Amino acid sequence: MDSFLIEGGLPLSGEVTISGSKNAVLPILAATLLTSETCIIRRVPDLSDVGFMLKILQSLGAEVTRDGDTLTIRAANISGRGDYELIRKMRGSICILGPLLARLKEAVVSLPGGCVIGTRPIDLHLKGLRGLGAQVEVEAGYVRVHAPRLEGQMIFLGGRVGPTVLGTANLMMAATLASGITVIESAACEPEVVDLADFLIAMGAKITGAGSPTITIHGVKALHGADHEVIADRIEAGTFAAVAAATGGEVTLRGARPDHLGAVLDKLQEAGAEIRRAAGVLTVRGTGSLKPIDITTMPYSGFPTDMQAQLMALACQAPGTSIITERIFESRFMHASELMRLGADIAIEGPSAIVKGGRPLSGAPVMASDLRASAALVIAGLAAKGSTQVHRVYHLDRGYERMELKLQKLGARIQRTPGE
Ligand code: UD1
């Protein structure tokens, strides 16, 4: 397994080009299953999660070709039975369920896996599909859905902690080919849901309200091929912004969407970073005098859970007490103990982490436990004095495109060490 070796303590400065969004492209790839015609998807990041999703599509019978960051996909003849092992490896694979059901009237997929950040049920996905009239059985690690006919309905999709992003995506995709009108109440408002809706609309779907808690879908008989460019990854942008703030450097985020980053930029500013938005270019400068922060993760447009770990790494640098409360996933603090190996002072109390920041961090070997936790360890390693080895960076490769190369361009001393 590969690791990163980081010599920290340097301010990182320069320009970084933000890649297409991982969380937008995964459901968009699944949506190509809704038509037998050719779809072209642009600005596709080269990530291992995308590779998994493409293998899943191919295992279902889709033809996929890649030219740089452009994918051409044709799902002319597909089957509704996904590869058990492939699907199990990645949480995002659950969103093939809605398109397969809509197109083929039945599907069998394995229960998905993904990052180890708490129990990740799919009850809301299944509730949504049942709401359209599907019969759902969960047995021996498989989900089997079946519906000779899907009927539009009003469906309340809110869960214990609010809306579900991929659940909304799944139901929205299934409803495009249902008869009648589907209204999703308490829908997720994330920009990735809007990007998926834009792609579906380009395919001929009739969808209004994406980006709000009420999405209305008028079912159509068939969808056609479409050409779509994926939005910039707001979590990658936020991560590089945190790198600038934590190292006291200045980073320009090319292609980033400041309109998707409101809560993150607000907290970075509160932490003492300077944010400049000029003519479509976003620049974040670490002023060198960091302040403690108070963060609670929430559904969009609140502070994203996918940026919680990275801002915890930043909080370790800020003199004073920061409080970080995780409301979306219950065990998403695995990075805290690894940050403590670098000298951080963090106490976990229920859903909150209390970070006493300002103690100088010093390099140490650490272990990545999930995707965003790994990003936090890289940020802390870049800010720490001395060398930090981050093991198991395959977690990072799931969601960051060539992270070490992008960091090297900013002046970081970071090397990938291939594992045995
Ligand atoms: C997506 C993102 C992930 C992000 C998360 C929250 C992708 C590929 N992943 O994951 O990076 O951290 O949104 O912004 O887009 N829940 C249920 N029942 C369900 C589904 C979810 O109770 O059927 C709960 C979850 O346990 C969690 C909350 O709802 O507490 C939100 O999860 P959800 O929005 O569904 O996350 P994902 O869509 O899986």
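In the predicted model, H228 is buried, with a relative accessible area of 9%. The residue lies in strand β13, which spans residues 227–229. When residues up to four places away in sequence are not counted, H228 touches I28, I40, I41 and R42, together with D195, D198 and F199.

Residues D195, D198 and F199, contacted by H228, fall within the numbering of helix α7, which covers residues 191–202. The axis of α7 comes within 10 Å of the axis of helix α6 (residues 165–176), and the two cross at roughly 15°. Because angles under 35 degrees count as roughly parallel, α6 and α7 are therefore roughly parallel to each other. The crossing in which α6 passes α7 is right-handed. On the α6 side, the contact is formed by V165, T168, A169, M172, M173 and T176, which meet V193, L196, A197 and L200 in α7. By class, this contact of α6 with α7 has eight nonpolar and two polar residues, and no charged residues.

The largest nonpolar core has 76 residues, of which L29, I96, M172 and L200 touch the most other members. For I96, leaving aside neighbours within four places in sequence, the contacts are A30, L33, M53, I56, L60, I87 and V109.

Conventions
Residues are numbered from 1 along each chain as its sequence is written. This is a predicted model: local features need pLDDT of at least 70, side-chain atom pairs count only at pLDDT 80 or more; totals for chains, interfaces and linings use all residues. Side-chain values use heavy atoms; hydrogens and water are left out. Axes are lines fitted to C-alpha atoms, for helices over the stretch in contact, and angles run from 0 to 180 degrees between N-to-C directions. Helices (H or I, at least four residues) and strands (E, at least two) are DSSP runs, numbered from the N terminus. Angles under 35 degrees count as roughly parallel, over 145 as roughly antiparallel, 65 to 115 as roughly perpendicular and the rest as oblique. A crossing is left-handed if the near helix is turned anticlockwise from the far one by less than a right angle, and right-handed if clockwise. Contact means heavy atoms within 4.5 Å. Ala, Val, Leu, Ile, Met, Phe, Trp, Tyr, Cys and Pro count as nonpolar, Asp, Glu, Lys and Arg as charged, and the others, Gly among them, as polar. A nonpolar core is a set of buried Ala, Val, Leu, Ile, Met, Phe, Trp, Tyr and Cys residues joined through side-chain atoms within 4.5 Å. Buried means under 20% relative accessible area, exposed over 50%, partly exposed in between (1.4 Å probe, protein chains only).
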